[in-house]
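Subject: Structure handover

Hello,

I am passing this structure on to you. Please look through it first; my notes follow below.

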Amino acid sequence: MSKQQGSASGVQSTDAFEWEVYHDSETNIFELSKKLPEDLVASLAREVILRVASRTVAAGSAARPVSQEELLAFSTALASDIPKSAAQIIAAEREAGRPVEDIYVNFLAPAARQLGDMWDSDHITFAQVTVGSGRIFAIMRSMRHMFETSALPDEPAVIFASVPGETHTLGVRMAADFFRKDGWNISLLVGLSHDDLLAEIAQISSRMVGLSFSGEHSLEALSQLIVALHICAPHLSIVICGQEVEEFRPILELMGVDGIAVTMEEAKAHFTRLSQVET
């Protein structure tokens with residue numbers, strides 16, 4: 001799904017909790033969990049927990065603390081049978097003026113760690129942790145538009161990257177050359193591990209990334225990368241490219257990507273549309 005259009009300065013004009021985005025994201029995650037193998041669903045849940053829990057490391061201890069009672073109520077709501085219970089807590093905090101980063105650090109991060117600990121110690125079931133981590137992810141997606149974005153480069157800029165572990169990189173290299181000849185500013189990242197790729201993307205001034213996907217053998221790595229990017233770089237628009245994407249379109253669409261392209265011309269159309277939305 002595409003980001004909302006912001007102001008001319010690049011700062012989003014609203015800070016309301018987006019209930020429609022939350023509902024769509026939670027529904028998509030639930031449907032995705034039914035389509036993917038259980039071990040892949042488990043790895044995605046762990047990816048959410050790991051990435052969200054690490055927010056405290058980056059943000060430090062400056063954010064306003066949350067009481068243990070508040071945190072317990074939120075963590076319980078995440079794994080409850082009431083779909084909106086946890087989201088309603090966060091929406092109320094936003095209405096009361098709690099900053100987004102404060103919510104990330106003092107609600108989502110400790111709750112993610114708590115879910116992980118309870119899962120590891122068998123205090124909650126796999127189904128419960130899947131629901132809980134999925135709702136954390138949906139909450140973060142519903143606040144995606146609240147993050148300020150810096151000014152974009154004067155020329156269209158896109159990161160092209162191969163999925164971690166992928167050895168067939170000719171296609172993404174050709175796509176990079178194709179776009180460069182057409183005047184785009186392209187950063188090409190190939191042969192990197194999951195963590196190294198995330199770190200490199202974080203250092204590049206771009207609002208769009210094209211991920212090269214070459215088939216089922218890369219589905220787990222691609223899925224983990226998309227989840228991590230949604231959490232670590234919520235400003236990024238993600239387009240999945242490759243000749244094999246059509247077969248996996250129903251799954252990829254549930255991951256909340258901004259475009260799916262089989263040909264380079266289709267990829268160009270997606271990035272052109274997204275660059276116009278961003279300005």
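A residue is called buried when its relative accessible area is under 20%, exposed when over 50%, and partly exposed in between, using a 1.4 Å probe and protein chains only. This is a predicted model, in which local features need pLDDT of at least 70, side-chain atom pairs count only at pLDDT 80 or more, and totals for chains, interfaces and linings use all residues. Residues are numbered from 1 along each chain as its sequence is written, and side-chain values use heavy atoms, with hydrogens and water left out.

Ala-267 has a relative accessible area of 4%, so Ala-267 is buried. Ala-267 belongs to helix α12 (helices are DSSP runs of H or I with at least four residues, strands are E runs of at least two, both numbered from the N terminus). Leaving aside residues up to four places away in sequence, Ala-267 touches Phe-179, Cys-241 and Ala-261, where contact means heavy atoms within 4.5 Å. Ala-175 is 92 residues from Ala-267 in sequence, and their C-alpha atoms are 9.1 Å apart.

Cys-241 counts as buried because its relative accessibility is 18%. Cys-232, at 40%, counts as partly exposed. The structure has zero disulfides, a disulfide being a pair of cysteine sulfur atoms within 2.5 Å.

Regards
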